[in-house]
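Me: I would like to learn how to read packing and backbone features from a model. Please take one feature at a time.

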Amino acid sequence: MPADILAADDDEDIREMIRLSLREEFEVKTVENGEKAWEYLAAYSDSPPKAVILDVMMPEADGFSVLDRIREHGKTQEIAVIMLTSRSREEDIVRALEAGADDFLAKPFNKSELAGRVQQTLE
Ligand SMILES: [Mg+2]
């Protein structure tokens with residue numbers, strides 16, 4: 001059974017926070033790098049998650065490379081993508097939106113900000 005939301009972040013505390021923020025409303029799957037995120041999307045391409053949350057800075061494949069792949073493939077093209085960026089790197093926000101992200105959230109953020117942003121993106 002595929003998740004409603006796939007979230008990729010290399011920080012375990014953030015993965016836990018994402019699960020706690022969204023678990024009342026959604027089935028959430030978390031992974032620790034971009035390569036695993038893409039593997040998950042490829043495995044569930046016939047019934048993809050409604051939204052993907054991607055940290056920008058991750059090992060293996062970073063958030064931008066996963067976003068590019070999502071937008072390049074027909075079966076994943078329409079998935080809502082929210083990027084997690086660092087407040088100190090504003091250029092990442094511009095780049096994320098230009099690359100086709102639906103929204104971004106600058107770290108640090110709290111649980112209700114994340115839950116609100118995901119709801120908004122799915123409306
Ligand atoms: Mg990171």
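Predicted model: local features only at pLDDT ≥ 70, side-chain atom pairs only at ≥ 80, totals over all residues.

Reply: Residues are numbered from 1 along each chain as its sequence is written.

Me: Which residues have the most contacts inside the largest nonpolar core?

Reply: In soluble globular proteins, nonpolar side chains tend to be buried together. A nonpolar core here is a set of buried Ala, Val, Leu, Ile, Met, Phe, Trp, Tyr and Cys residues joined through C-beta atoms within 7 Å. Buried means 20 or more other C-beta atoms within 10 Å of a residue's own, exposed means 12 or fewer, and partly exposed lies in between, with C-beta atoms placed from the backbone. The largest core has 30 residues, and Ala-37, Ile-53, Leu-54 and Met-83 have the most contacts inside it.

Me: Where do the buried residues of H3 lie around its axis?

Reply: An α-helix has 3.6 residues a turn, so residues three or four places apart point the same way. In H3, Gly-63, Val-66, Leu-67 and Ile-70 are buried. They line one face of the helix, because seen down its axis they fall within an arc of 100°, taken over directions from the axis to the C-beta atoms. These residues pack against E1, H2, E3 and E4, a contact being two C-beta atoms, placed from the backbone, within 7 Å.

Me: Is Arg-69 buried or partly exposed?

Reply: Arg-69, also in H3, has 16 other C-beta atoms within 10 Å and is therefore partly exposed.

Me: At what angle do H1 and H5 pack?

Reply: Axes are lines fitted to C-alpha atoms, for helices over the stretch in contact, and angles run from 0 to 180 degrees between N-to-C directions. H1 (residues 12–22) and H5 (residues 111–122) pack at about 65°, with axes 9 Å apart.

Me: Which peptide bond is cis?

Reply: The bond from Lys-107 to Pro-108 is cis, with omega near 0°. Pro-108 sits in the loop between strand E5 (103–107) and H5.

Terms used: Helix = DSSP H or I, 4+ residues; strand = E, 2+ residues; numbered from the N terminus.
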